[in-house]
Amino acid sequence: MSASLFRSTKRVAVLAITMSAALVAAGCTSNDPVTTPAASTQSAAGNAASDNDAPGKKVVIGFSGPAADHGWLAAINNSALAEAKKYSDVELKAAEGTNDASLQISQIETFINDKVDAIVLLPTDGAALTEVATKAMQAGIPVINVDREFSSPFAARTTVLGDNYGMGVSAGTYACKLVKDKNLSNPVITEIAGIDALPLTQDRSKGFADALKACSQTVDNRVAAEFTVESGEKQASNLLQAAPKIDILWNHDDDQGVGVMAALDQANRHEMAFIGGAGSANAMRWIKEGKMEATVLYPPTQAADGIKVARLIAQGKGISDLVQVEVPRRIVLNAPVVTKENVDQYLPLGFES
């Protein structure tokens, strides 16, 4: 799911702000001095404190993303379409989802030729789409880079990212809380990662390990799946055989978590606190039912946030809750832990695995 995107999100100490109305976070502007070719030129007397949802200048936004071949990606695409429909001043030109980088490049070239006002792009491959995104920027069209980063800072006006390292930190911090609250001595902590070759998986695992150090814990058993239901079930079964007792299990991805839960059910192994990742509706229902302890959000709202940001930039607006006049260069969405105490707040954002 979220991770099968082959994202190459990099850990950067940057702005943490949630644009979605359902996710609330604090933020500040980037101090990046670089001015990209299509950067906004709003005056200091701009309208950063205005009612940004009020209808403004009509803008045309091009949107391109990967094929919706699993729950998280379907939610990404659907949320972008739904967000655009909220605004009478937005005309959305949505290209068909594809995992073919060459086809996606041609889609962006079409947007450039159509002279759209902004482009929201979740690339199949950030490096492969960097050149055409830079071309759009040089043509004066602001590009909003979603989730998988380009390889050049000149390829995007603003980048909207999830926080993979932060996911690991949130999961590890919550695991430490469980160790303390349950007074666990020598707890067995296990991890089911995604595809190990991907930087996003490495970031998540590093964040988890770093956070566990705060309570003097380490991962005792770790396996890697492939972000699919089948691989989740297989690797969870292997993990259960290797660890006859587990106190805490963190699974990186709620799509593969469907398979993990199937393995737990088949083995009748529910002694552990099961923590998920990404925030599927399935996982949140399990939390409500008491079958799962928690899940860590990897927001499927990123493209919807990209639409909102593209509209603001194209209309020459800023973010009304910030003192800074212009929209920030980087927006990193928070990775909150969803538990039975707050699950109802986040359930509307959940996607079906």
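The secondary structure of the chain comprises ten helices and twelve strands, where helices (H or I, at least four residues) and strands (E, at least two) are DSSP runs numbered from the N terminus. The structure is a predicted model, in which local features need pLDDT of at least 70 and side-chain atom pairs count only at pLDDT 80 or more, while totals for chains, interfaces and linings use all residues. Residues are numbered from 1 along each chain as its sequence is written, and side-chain values use heavy atoms, with hydrogens and water left out.

Of the 353 residues in the chain, 57% are buried. Buried denotes under 20% relative accessible area, exposed over 50%, and partly exposed in between (1.4 Å probe, protein chains only). The accessible surface of the chain amounts to about 14300 Å², and carbon and sulfur atoms contribute 50% of this area. These areas come from the Shrake-Rupley method with a 1.4 Å probe; for residues, only the protein chains shown count as cover. Among contacts (heavy atoms within 4.5 Å) with a separation of 6 or more, 76% are between residues 24 or more positions apart.

The whole structure contains 17 salt bridges, each defined as a side-chain nitrogen of Lys or Arg within 4 Å of a carboxyl oxygen of Asp or Glu. One of them links the side chains of Lys 177 and Asp 181, at 2.6 Å from N to O. Both Lys 177 and Asp 181 belong to helix H4 (residues 164–181), where they are four residues apart, about one turn of the helix. Lys 177 is partly exposed, its relative accessible area being 45%.

A salt bridge also joins the side chains of Asp 210 and Lys 213, with an N to O distance of 3.6 Å. Asp 210 is partly exposed at a relative accessible area of 22%, whereas Lys 213 is exposed at 58%.

In a further salt bridge, the side chains of Lys 291 and Asp 265 meet at 3.4 Å, N to O. Lys 291 is located in the loop between helix H8 (281–289) and strand E10 (294–297), and Asp 265 in helix H7 (residues 254–267), so the pair ties together parts that are 26 residues apart in sequence. Both partners are partly exposed, with relative accessible areas of 33% for Lys 291 and 38% for Asp 265.
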